Amino acid sequence: MRVIIMGCGRVGAGLATAMSRRGHHVVVVDRDPASFTRLGDDFTGSTICGMGFDRDVLISAGVQTADAFAAVSSGDNSNIIAARVASEIFGVRRVVARIYDAKRAAVYERLGIPTVATVPWTTERFITMLGETPRTPLWNDPSGSLVIAQLALHEEWYGVSCSKFQELTGARIAFLHRMGAPVLPEPRSVLQAGDEVFAAALAAHLDQARAAAALPPAEGADS
């Protein structure tokens, strides 16, 4: 795969080195030539000095034949502009941008530009490691209409089947985390104590699904 990475800070350099180790052809673009010293000794790709959203620079980096483009510089505006140029002008199929502003990230997701919102993602990771259930969806499709989120269960859901859970909450269980391992449940699979539930739901109905999961299931829902 031919990959262009805009930004050679710590994230960009780490991403470039990791992709290079996997055997991909990687080109790193950064306006500061000194930043390329962050690349590891085993980096086998190439570097270009310039603005990552400049068309001539992108053409020099091979954007016309690129399979993927990652904008991970320190500027939200630069990342979004570069991502849109790569996607909309040059037709790169896989494009992602790092965004610090969570509200702006949500807007660009709806425009079809996948983003990594750094601050919210880091915050949610800390929340998870502190033993709390994250409130922010783990994933949403580019339109923003479908999400995958972790749902906190009332203990009376234990013993209820996944199909019944879906029927009563409107959320479909995508996977479970059970005893330290991921599980892909069948409709007849039964929820157990200690399960961490990750469910897919329409974004508009997520709050309702959360509320339903946090309450005891309707009487007679043990099948």
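Analyst: Met179 sits in the loop between β9 and β10 (181-183); helices (H or I, at least four residues) and strands (E, at least two) are DSSP runs numbered from the N terminus. The model is predicted, so local features need pLDDT of at least 70 and side-chain atom pairs count only at pLDDT 80 or more, while totals for chains, interfaces and linings use all residues. Residues are numbered from 1 along each chain as its sequence is written, and side-chain values use heavy atoms, with hydrogens and water left out.

Met179 is not a glycine, yet its phi is positive, about 55°. Its relative accessibility is 81%, so Met179 counts as exposed (exposed is over 50% relative accessible area, buried under 20%, partly exposed in between; 1.4 Å probe, protein chains only).

Arg178 belongs to strand β9 (residues 172-178). Arg178 counts as buried because its relative accessibility is 17%. The side chain of Arg178 makes a polar contact of 2.7 Å with the side chain of Asp195. Such a contact is a pair of N or O atoms within 3.5 Å; within protein, one must be able to donate a hydrogen and the other to accept it, and residues adjacent in sequence count only if both atoms are side-chain atoms. A polar atom of the Arg178 side chain also lies 3.1 Å from the backbone oxygen of Val190. Leaving out residues up to four places away in sequence, Arg178 touches Val183, Val190, Leu191, Gln192 and Asp195 (contact means heavy atoms within 4.5 Å).

The largest core has 25 residues, and Ile4, Phe69 and Val92 touch the most other members. Elements giving two or more residues to this core include β1 (2-6), β4 (68-71) and α3 (76-89), and α3 supplies the largest share, 5 residues. Beyond its neighbours within four places in sequence, Phe69 is in contact with residues including Ile4, Leu58, Ala82 and Val92. A second, separate core of 18 residues includes Leu191, along with Val147, Leu153 and Val160.

Over the whole protein there are 7 helices and 11 strands. Of its 223 residues, 39% are buried. Among contacts with a separation of 6 or more, 54% are between residues 24 or more positions apart.

Terms used
A nonpolar core is a set of buried Ala, Val, Leu, Ile, Met, Phe, Trp, Tyr and Cys residues joined through side-chain atoms within 4.5 Å.
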